[in-house]
Every structure is written in C-alpha cells, then in structure tokens.
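Dear colleague,

Please find below the structure I am handing over to you. My findings follow it.

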Amino acid sequence: MTQEQLKQVRVLDPPSQVDRVADVLIEDGTIIDITEPGSSNVSNGQERDCSGLILAPGLVDLYSHSDDPGFETRETLASLTASAIAGGFTRLTLLPDTHPPLDNGDGLARIKAQLPPDLPLQVQAWGAMTQNLEGKQLVEYADLIQAGVVGFSDGRSLQNAILLRRLCEYLGAESYPIALWPCDPALAGSGVMREGLDALRLGLSEAPTMAETSVLAALLEIISATQVPVHIMRVSTARSVELIQAAKARGLPITASTTWMHVLGNSQSLSTYDVNWRLDPPVGNIEDQEALIQGLETGVIDAIAIDHHAYTYEERTVAFSAAPPGAIGLELALSLLWQSLVASKRWSPLTLWQRLSTSPSHCLGQAPSRVEVGQPAEMVLFDPQQSWCANAQTLKSLSQNTPWYGQPLTGRVIQTWHPQSQIR
C-alpha cells in the first residue's frame, strides 16, 4: 500500500465547482481523503508541500494527429504520448489520418501494441468514417467498434451530402460520437488567411468565412432532420458561433470545439509571416477570436481542442503559403491559455479546466475525471508560476513547429496521474 499526501494544494473540481486549498491523500491510485490544510497526517507514506500548486482533473484532448505509423520523422507514438503527459493530458484522442489510416480494426491494434503497460495516459482513437478517408465509401463500422474506437471522424471535410446523411443515420443507431469539420475546400481554395483587411495588407491569399459557414449551415439542416448527435470540429469564425448558438437554442443535439491557437491568435499574429501560424482553418480576425472566447465562456462552444500536428524543420522551411498547416501544442496549451485567460483575470481557473477537461469528456460521451474522495487519481499537478523555455531540451515532441519555440513561458505541469494505461 502506497500513500502520498499533497499538502496545501489548490484543488479544482469543475463538476462540483470546487476551488479551495486542501490536503489530498492518495492511496494506490485512488483519492481517499480531502481535508482542511493541516488537519491530518500520513502515517505510512510521503508528504509533499504543494503550496502555490494546482491539483485538477487531467486534461482531455478531443483530437490530435499521430504521425506513427507513416511519418515517424515528425513524431513517434512514444514522443506524442510523452508530449501529452508533459502537458497535463490524461486522455489523448487520435485522428484516423495515420498512414495507413485507421479505417479498420488492424490499425488500432497496431497502436495498442506499441503502448507501454505503465503509461499514465489513456490513448484512444477516432475511427475513420470513410475508406481511406476519401469521402466515397463508408467503412465497416462494426469492425472499428469491436476494435475499440471512441467514435467516428475523418478529421477532414466530407462533401457528399447524401453520404453524410446516410452516415449520420447509420452511426446514430450505434450511439457513438461523430465529429465533423465544416469546410468547403473549393470555396477555401488556396486561401491561407481569413479574409479581411489584414489579409489584404499582408498580401496573403484569403480563405472566405463562407467556406466554413456554408457547410456548417447545411450540416445543421441534416442534424435537424436526423436528430443524430454530432460534434462540430475546428470552429473558427464569429458567424459559425452565431449559427451554433441558434442551433442549440432550437434543441439540436450538437457540441462544438475550437482549437487553442484560434483562442490565442488572430490574423494579426501572421504579421511576421511565421509559418507556424499556418493553420487550417486559419486563425480568424480579431472579431472571430473574441466571438470564440465569448462562445467558450457561455458554453456555446463546449471545448478547446489541441489538434497537435507535428512537422519537420525541412517541411516548414518554405514560404508561408507553401507551408503545410498545423502546429504542435500538447505541451504548451495549458501554460499559454492560463497566462492569456486566467492570469489576465478574464476567466476563472474552473472555466479553463471546464473547457480543457470536463467538457471534452462529455463531447466524447465519457464520464469526466474528478478530484473527489473515492475517485481514481486521474489528475494533474500544475505550477502556474514556474518559468521555463520551449526548446529542444524541454520539449518531448520531436518537432518544433510552434510560434512559441525559444520563448520564455510561465506555468508548467509538475506531474500527471492516471489509474489506467490502456487504449480504450
């Protein structure tokens, strides 16, 4: 029997709205006591002074990219999971765009086989909706369900409306989460920056708002007709927030997420032509960014996703418009979001944890982790004051494609706990 007591730690538990300083006793992976500071002692174990630190549920990422198998020079499964753990994540959900894609049960079995048994992280995966992610033929859903996927998503736009409706009807009967990205590639064209004055000033090709909103509007009509629950990925515009708000007011069974970089950045972030701001969809204008933050505050947007996507140095040493879209973020998101939203007094710590942990769990149809007596110790210890620098020595990721590489940061994860170590 192993015991550990965290003394004078600030405990956050979003489901119960608890935010207080307490002593927390952990025994063999279970929280067995939460008491007033100094009111109890450990008879057989270790005491740890956690003054100034935060103990909260482990973070949950809704979707990120794994380049293993296929592009292990960008990221291996080992480096990806190490990045997630270092960033405070206890549940990591992979998109199916591996090579080959996760469109059958064998692919998921290969990932399972690579995971060490003592990994303090639950790795789970979206199964593909269409064969080879081509948006033409549906996959064998029973095979993927048996393999243990958490839900279904191609992680990319699906343009065939008839296929989309059929997919919603089939998967709705299975009661598994469906995640869809509203984007019309034809309308988006070669755009790399949200349309507006900043795009004109910087001379970068524009991606119109309607490339997202027109598909979203059509998708909401399908959901209205089928009443199948759908998660809407990568929301990036103010108009999309309006459409989602109206749809939720009508009672449509939807949840929605944006990414952490769309919360932190806007079109003015591209003024240095840093290719690490090349995203798809692109970050919005200031009005879009503010609408996303407000949407998260009110719950119109349910969750913040990371959408971690690693690229090698060579792949990013190109002109902005030629760079592949995506950035790493698992190790950086909590620190930067805390500084931007909590340290600035805009959000409470509970609001940030709600959007990074509790709500993503609900979007996946899972019970959220809790910091509560009797609950498994699936949690993170975070120091909001610790200074560090994101560089090759500190980052677990094999890649360095982030705008914050080489910059000083404040706030760092000290430890994560997870009672299980298996892929779902």
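In which loop does arginine 234 lie? Please note that the model is predicted. Arginine 234 is found in the loop between β13 (230-232) and α8 (238-249). Its phi is near 55°, a positive value in a residue other than glycine. Arginine 234 counts as buried because its relative accessibility is 3%, and buried means under 20%.

Leucine 133 also has a positive phi, near 60°. This leucine belongs to the loop between β8 and α3 (141-147), and with 6% relative accessibility leucine 133 counts as buried.

The bond from histidine 99 to proline 100 is cis, with omega near 5°; proline 100 sits in the loop between β7 and α2 (105-114). Aspartate 280 and proline 281 are likewise joined by a cis peptide bond, with omega about 5°, and proline 281 lies in the loop between α9 (260-264) and α10 (286-298). For context, most residues other than glycine have a negative phi, and most peptide bonds are trans.

Finally, I turn to strand β7. This strand covers residues 89-94, and six of its six residues are buried. Strand β6 (residues 59-64) runs parallel to β7, joined to it by four bridges. From β6 the chain passes through helix α1 (residues 77-86) to β7, in a right-handed β-α-β crossover. β7 also pairs with strand β8 (residues 122-127) in the parallel sense, over four bridges. Leucine 94 of β7 stands opposite serine 64 and also opposite alanine 125 in β8.

Yours sincerely

Methods. Residues numbered from 1 in each chain as written. Predicted model: local features only at pLDDT ≥ 70, side-chain atom pairs only at ≥ 80, totals over all residues. Heavy atoms only, no water. Buried < 20%, exposed > 50% of the residue type's maximum accessible area, 1.4 Å probe, protein only. Helix = DSSP H or I, 4+ residues; strand = E, 2+ residues; numbered from the N terminus. Pairing = 2+ DSSP bridges. Right-handed = clockwise from strand over helix to strand, strands pointing away.
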